[in-house]
Amino acid sequence: MAIRQLSETLINQIAAGEVIERPASAAKELIENALDAGATRIEIATAGGGKALLRVSDNGCGMDAADLELAIRRHCTSKISETLEDIRTLGFRGEALPSIGSVARLSIASRKRDSAGGHEIAVAGGKVLHLRPAAANPGTIVEVRDLFFATPARLKFLKTEKAEAGAITEIVKRMAIAFPAVRFVLSGSDRATLEFPATGDDHLARMAQVLGKDFSDNAIALDAVREEITLTGFAGVPTFNRGNSAHQYAFVNGRPVQDKLILSAIRGAYAETIPSGRYPVAVLSIALDPALVDVNVHPAKSDVRFRDPGLVRGLIVGAIREALARDGSRAATTGASDMLRAFRPGFQPFAQRSQAPWSAETSPSRPYQPATGFSERSQAAFDALSMPTARAETQSSPQPAAPEPAGRYPLGAARAQIHANYIVAQTEDGLVIVDQHAAHERLVFEAMRKALHSKRLASQVLLIPEIVDIPEEDCDRLMLHAAEFAELGLAIERFGPGAIAVRETPAMLGEVDVHGLIRQLADEIAEWDTASGLSAKLEYVAATMACHGSVRSGRRLRPEEMNALLREMEVTPGSGQCNHGRPTYIELKLSDIERLFGRS
């Protein structure tokens, strides 16, 4: 079969299969072009989920007739010259506009700021329809209609209009977070108008616009540097979590990315602090020399490759964990809101309650009868309980000590224990309810983890060494980390070209599947070039031991024990949640309590 040159239109349609996967991909490319043009206001309009219409308008630098003619040609760009080593723009491949024009009806109207008039070019199915003068404001308007009309097979793979519209919304949100000085407006017949006013240099204000005001109340600032890489942004406290990872945003040199390395690092940083199936909320911005990162991995430009991935991962994990240790012990402010919502149904107006048949027993006009819970018979069960007074009494002190001041400490002073599991403490401006088992479980675990990392762990010598057969390249990777494994109690050595001999295993693990452990470590090192798997297993064991060694639910505590627990929580990293990620306490401000009783 003879080899022949493909037509320009077919080449562009093939490229469009990678660059333009769905309407959201086209929106991303057009918004990136607007940002690269220096726009401070970008308006996006859609119809039919972006399939029928996608219009992006900006007030950027604009283009003249010659620029428009080149813009729709493949590999024509103003953003790079001769090298890919110093890419500082969002776009650089010169593929987006010709790809869109090959599968849709594309029109571009643009005018330079210093020009008297503008021009318009139209393309349909890869064919140029016209290039003519047109009335236009300074900037550019790109209109895409009937996306994939030229390749109808692609339409079958698109989702519903609502799903496609939601994907465009997500793209706009990511761009809005990355560029807070730009005003974004998203509107159309298929959605409610969404507007993000410019916030200048106030990144947290823009994040509050996108993620909600609760994020700013529950976010911890990040600012870390390692070698030539800088990490800034905000990480949510562990108890402020979500049901999916859609609220995790990562940016590399201002470029929104969805990189597996970064998402894995976020997950690792929150290990042992978030329940299974829940995800943290985080916004991370990584800045580094463009030569140290490859953004040309995929035409969609959503993946990147770092020259030193281990350094980037370590920076993210270390910065988030340091921030959580510094300020992550506080509970999410949403806990009090959830409590208030739980109380409200009991205070509904009578007109809003279900209309049950009238009876003398349930009538609101019936004679007052005291609740049975306040009768002498009901109260007799409380006689055996000794009510805490929050006095820090010691055995050597015959006289009771003065009550502990509530305003001196963040978690206040213990005032009561209810249902033999919850401690009620009074603070300077409200009260705190503490789950005693969850709180003590976290304290014990942190103590064990500290001991875990302060010395070499004890190991158990195997009577007969375990020989694990794995590929030679995996053996090489494992032996590079043999010293790290030895510190954790795992002693390995080479046993021929394609096998590893395991002579000692960590005593904390007890009986362990040596073959499975070695293969898992080899796979993890091959993917991320890290050796954190064994550490994670040991910390899981420590968490399990802490759970069984903590103050159990149902145990009555003395006042001094409750206050001692509160004081230790205040100085322990991560004490705002237990090892399983559940909150250890909920804070209710006095203003919240007054709102319950209608006093504010």
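The following questions and answers walk through a predicted model of one chain.

Visitor: How many helices and strands does the secondary structure of the chain come to?
Guide: The chain has 600 residues, and buried residues make up 44% of them. Among contacts between residues at least 6 apart in sequence, 69% join residues at least 24 apart. The secondary structure comes to 19 helices and 24 strands.

Visitor: Where in the chain is confidence lowest, and where is it highest?
Guide: The mean pLDDT of the chain is 80, and 78% of its residues reach 70 or more. Over residues 363–402 the pLDDT is below 50, and this stretch has 36 contacts in the model beyond near neighbours in sequence. Confidence is lowest in helix 12 (residues 376–379), at a mean of 46, and highest in strand 1, at 97.

Visitor: How many contacts beyond four places in sequence does the model have for residues 345–355?
Guide: Over residues 345–355 the pLDDT stays under 50. For this stretch the number of contacts beyond four places in sequence is 4.

Visitor: Which strands stand at the edges of the open sheet of 8 strands?
Guide: The order of the strands in this sheet is 5-4-3-6-2-1-7-8, with mixed pairing.

Visitor: Which residue in strand 5 is the bridge partner of His-119?
Guide: Strand 4 covers residues 118–124 and pairs with strand 5 in the antiparallel sense, over 7 bridges. In strand 5, the bridge partner of His-119 is Pro-133.

Visitor: What angle does the direction of helix 2 make with that of strand 2?
Guide: Helix 2 (residues 23–36) packs on the sheet. The strands touched by helix 2 are strand 1 (41–47), strand 2 (53–58), strand 6 (139–145) and strand 7 (183–188). With the direction of strand 2, that of helix 2 makes about 10 degrees.

Visitor: At what angle does helix 4 run to strand 3?
Guide: Helix 4 (residues 96–103) lies across strand 3 (105–111), strand 4 and strand 6. Its angle to strand 3 is about 140 degrees.

Visitor: Which residue in strand 23 is the bridge partner of Glu-493?
Guide: An open sheet of 3 strands has the order 21-23-22, with antiparallel pairing. In this sheet, 4 bridges join strand 22 to strand 23 (residues 499–506). The partner of Glu-493 in strand 23 is Ala-501.

Visitor: What angle does helix 14 make with the direction of strand 22?
Guide: Helix 14 (residues 472–480) packs on the sheet and touches strand 22 and strand 23. Its direction and that of strand 22 make an angle of about 135 degrees.

Visitor: Is His-419 buried or exposed?
Guide: His-419 sits in the loop between strand 18 (413–418) and strand 19 (422–427). It has a positive phi of about 55 degrees although it is not a glycine. Its relative accessibility is 74%, and with exposed meaning over 50%, His-419 counts as exposed.

Visitor: Is Ala-420 buried or exposed?
Guide: Ala-420 also lies in the loop between strand 18 and strand 19. Its phi is near 50 degrees, a positive value in a residue other than glycine. The relative accessible area is 17%, and since buried means under 20%, Ala-420 is buried.

Visitor: How far from a polar atom of the side chain of Asn-241 does the backbone oxygen of Pro-238 lie?
Guide: Asn-241 lies in strand 11 (residues 241–242) and counts as buried at 11% relative accessibility. Leaving aside neighbours within four places in sequence, Asn-241 is in contact with Ile-274, Pro-275, Arg-278 and Tyr-279. The backbone oxygen of Pro-238 lies from that side-chain polar atom at 2.8 Å.

Visitor: How far apart in space are Lys-301 and Gly-91, C-alpha to C-alpha?
Guide: Lys-301 is in the loop between strand 16 (293–294) and strand 17 (305–306), and counts as buried at 3% relative accessibility. Lys-301 and Gly-91 are 210 residues apart in sequence, while their C-alpha distance in space is 8.5 Å.

Visitor: How many disulfides does the structure hold?
Guide: Cys-76 is partly exposed, with a relative accessible area of 26%, and Cys-475 is buried, at 0%. The number of disulfides in the structure is 0.

Note on methods
Residues are numbered from 1 along each chain as its sequence is written. Side-chain values use heavy atoms; hydrogens and water are left out. Two strands pair if DSSP finds at least two bridges between them. Helices (H or I, at least four residues) and strands (E, at least two) are DSSP runs, numbered from the N terminus. Contact means heavy atoms within 4.5 Å. Axes are lines fitted to C-alpha atoms, for helices over the stretch in contact, and angles run from 0 to 180 degrees between N-to-C directions. Buried means under 20% relative accessible area, exposed over 50%, partly exposed in between (1.4 Å probe, protein chains only). A polar contact is a pair of N or O atoms within 3.5 Å; within protein, one must be able to donate a hydrogen and the other to accept it, and residues adjacent in sequence count only if both atoms are side-chain atoms. A disulfide is a pair of cysteine sulfur atoms within 2.5 Å. pLDDT is the predictor's confidence in each residue, from 0 to 100.
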